[in-house]
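Let's take a friendly walk through a protein structure, one stop at a time. Keep the picture open beside you and look for each part as we reach it.

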Amino acid sequence: MAGRFGHNFLGKWSRAQNVHKIHNRTTNRTFCSAHTGGIENIPLSQALPGSPKVIYASADQRTHDAQVTTLSNGLKVASINKFGEFCTIGVLVNSGPRYEARYTKGVSHFLEKLAFGTTEKFESRDHIFQTLEQHGGICDCQSTKDTFIYGISAETKGLEEATALLADAVYKPQFTDEEIEEARQSIYFELEDLQLRPDPEPLLTEMIHSVAYSHNTLGFPRLCPSENIIKIDRKMLYHYMYNHFTPSRTVLAGVGMPHEHLVKFAKKYFEGVTPVWDTPDVLKMGRKFDGSISQYTGGVEMIDRDMSNVAPGTPIPDLAHAVLALESCGHQHPDFISFAVLNMLMGGGGSFSAGGPGKGMYTRLYLNVLNRFPWMYSATAVHHSYADSGIFCIHASANPGMMRELVEVIIREFQNMARNIEQSELNRAKKQLQSMLMMNLEARPVVFEDLGRQVLATGRRKNPEEFVTMIERVTAEDIKRAASGMLRTNPSVAALGNLSSFPDYRDIQTAFSNKDGSLPRKFSLFRR
């Protein structure tokens, strides 16, 4: 499935490609001006004089299967040979905020900001960029709750230089005082921007994880808390990497090169390397690895805030936002595919972006919510799944005075998931999920992330055809069984905005247990 890294990385790669296209157009104009006599008479079936030989990607499906090799130090090397003259290569580490139980929260956020900075061989981030530009390359780093991803896209002929650069960036970062201070300022700005931006989804996503897994693993913040920014230093960063950036927790993944080439360079640059954090000061701190299994708790977090002036001069109205979630399952659970189909069946979006059938106009949150309740501004289903747990969420927005009604509508939609599932809507959801899967995998950075994540989690990669078959096998009974189990868990609630009419958490718990999803009625002489 497409992830956050693949989306951002693909955007950066596309912008870099536009520069090459402009250069090529300039070259072609120069070529045409030098051959004005008769070039227009050359038929399209023939190549232009002096043009480079075309290299076609292999059509042999066997060369597109994933290959995995484990090095002597435990690092896994995975590759798929496809997509022509450019390649994507990167390092994925089984690391992230969920493993910060014994650390000051925010270490992973710092490491993300410091990635591809000064290393043993490169004197600055600009030096790295200049080296990559020689091969038309770009780099990026993204962290999620449980995975760290360093990635590079470049011309295939620059594979060795890219592999060497990755090894240096991952194992030899210098973390200069200037870079750490820049990271602090960048994080301060990011936290401030998060509070001011009109789109509340990033903040609500943090909040719903925090209450769903209160004070443990997946509930630890992805963004560094402001009070911790000054506490994190070079020694703490190195000690965290010493515990988590080990070869056995790492995958070197690549798309667009022969497997034997990647293995050769991996052995040269990743085997026998001494990480920069292997110093007496760090080693004497000892191991502090925490591999706790996530504990779903449920709960509520509400931030009462005036959002009437969040986006002045725009058509965005004064809104309050809420997320309701229940525990689903991890991505290795047998019901994972059923939840993926259910997520597509629910769909949703904004009330002003229905579009057409291709945008999910016939999903339940459009048919049953957005089309029936004109006061509902948006309603979207989101499924977050990790190795050992997951949460199924519905994000919704409305006028602050309608929040009680909003909560009732969303709870009823949760309950209806375990009831009647029409075959037509199930078939539509399965076809949409299958097509989305296949279309996303046309992008090389997405294939890279899919390959790396699967090998990191299971040691192998399932081909897309296997997922297509698994999706096709999902039945209405599978959906109802998975949803019924989800409804037995404690609800998680996050809300943001003017919450004067938002119901109490205990009332929300009661509504989930009621057959009709209704909130308890409270009578008062004075209306709130």
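Helix α2 (residues 107–114) and helix α7 (residues 234–244) pack at an angle of about 100 degrees, and their axes are 10 Å apart. An axis here is a line fitted to C-alpha atoms, for helices over the stretch in contact, and angles run from 0 to 180 degrees between N-to-C directions. The angle makes α2 roughly perpendicular to α7; angles of 65 to 115 degrees get that name, while those under 35 count as roughly parallel, those over 145 as roughly antiparallel and the rest as oblique. Helices (H or I, at least four residues) and strands (E, at least two) are DSSP runs, numbered from the N terminus.

Which residues of α2 and α7 meet? From α2 come V107, S108, F110, L111 and L114, and from α7 come M236, L237, Y240 and M241. A contact means heavy atoms within 4.5 Å. By class, eight of the residues joining α2 to α7 are nonpolar, one is polar and none is charged. In this scheme Ala, Val, Leu, Ile, Met, Phe, Trp, Tyr, Cys and Pro are nonpolar, Asp, Glu, Lys and Arg are charged, and the others, Gly among them, are polar.

Before going on, a word about what you are looking at: this is a predicted model, in which local features need pLDDT of at least 70 and side-chain atom pairs count only at pLDDT 80 or more, whereas totals for chains, interfaces and linings use all residues. Residues are numbered from 1 along each chain as its sequence is written, and side-chain values use heavy atoms, leaving out hydrogens and water.

Now find the loop between α2 and α3 (125–133), where F116 sits. Is F116 buried or exposed? At 3% relative accessibility, F116 counts as buried; buried means under 20% relative accessible area, exposed means over 50%, and partly exposed lies in between (1.4 Å probe, protein chains only). The phi of F116 is near 55 degrees, a positive value in a residue other than glycine. Setting aside residues up to four places away in sequence, F116 touches a list of residues including R125, D140, Y150, I152 and L165.

F116 also belongs to the largest nonpolar core, which has 77 residues; along with Y150, I152 and F245, F116 touches the most other members. Helix α4 (residues 159–171) gives the most to this core, with nine residues. A second, separate core has 70 residues, among them C329, V369, L437 and A483. A nonpolar core is a set of buried Ala, Val, Leu, Ile, Met, Phe, Trp, Tyr and Cys residues joined through side-chain atoms within 4.5 Å. In soluble globular proteins, nonpolar side chains tend to be buried together.

Next, look at the loop between α6 (201–212) and α7, which holds D233. At 35% relative accessibility, D233 counts as partly exposed. A polar atom of the D233 side chain lies 3.0 Å from the backbone nitrogen of M236. D233 and I180 are 53 residues apart along the chain, yet their C-alpha atoms are separated by 7.5 Å. H215 lies in the loop between α6 and α7 too, and at 74% relative accessibility H215 counts as exposed. The phi of H215 is positive, near 60 degrees.

The contact of α13 with α15 divides into seven nonpolar, one polar and three charged residues.

Strand β11 (residues 390–398) contains S397, which counts as buried at 7% relative accessibility. The side chains of S397 and H321 are joined by a polar contact of 2.7 Å; such a contact is a pair of N or O atoms within 3.5 Å, and within protein one must be able to donate a hydrogen and the other to accept it, with residues adjacent in sequence counting only if both atoms are side-chain atoms.

Finally, ten of the eleven residues of helix α10 (residues 336–346) are buried, so α10 is largely enclosed by the rest of the structure. Just after α10, G347 takes a positive phi of about 55 degrees. Stepping back, the protein chain has 17 helices and twelve strands, and buried residues make up 51% of its 528 residues.
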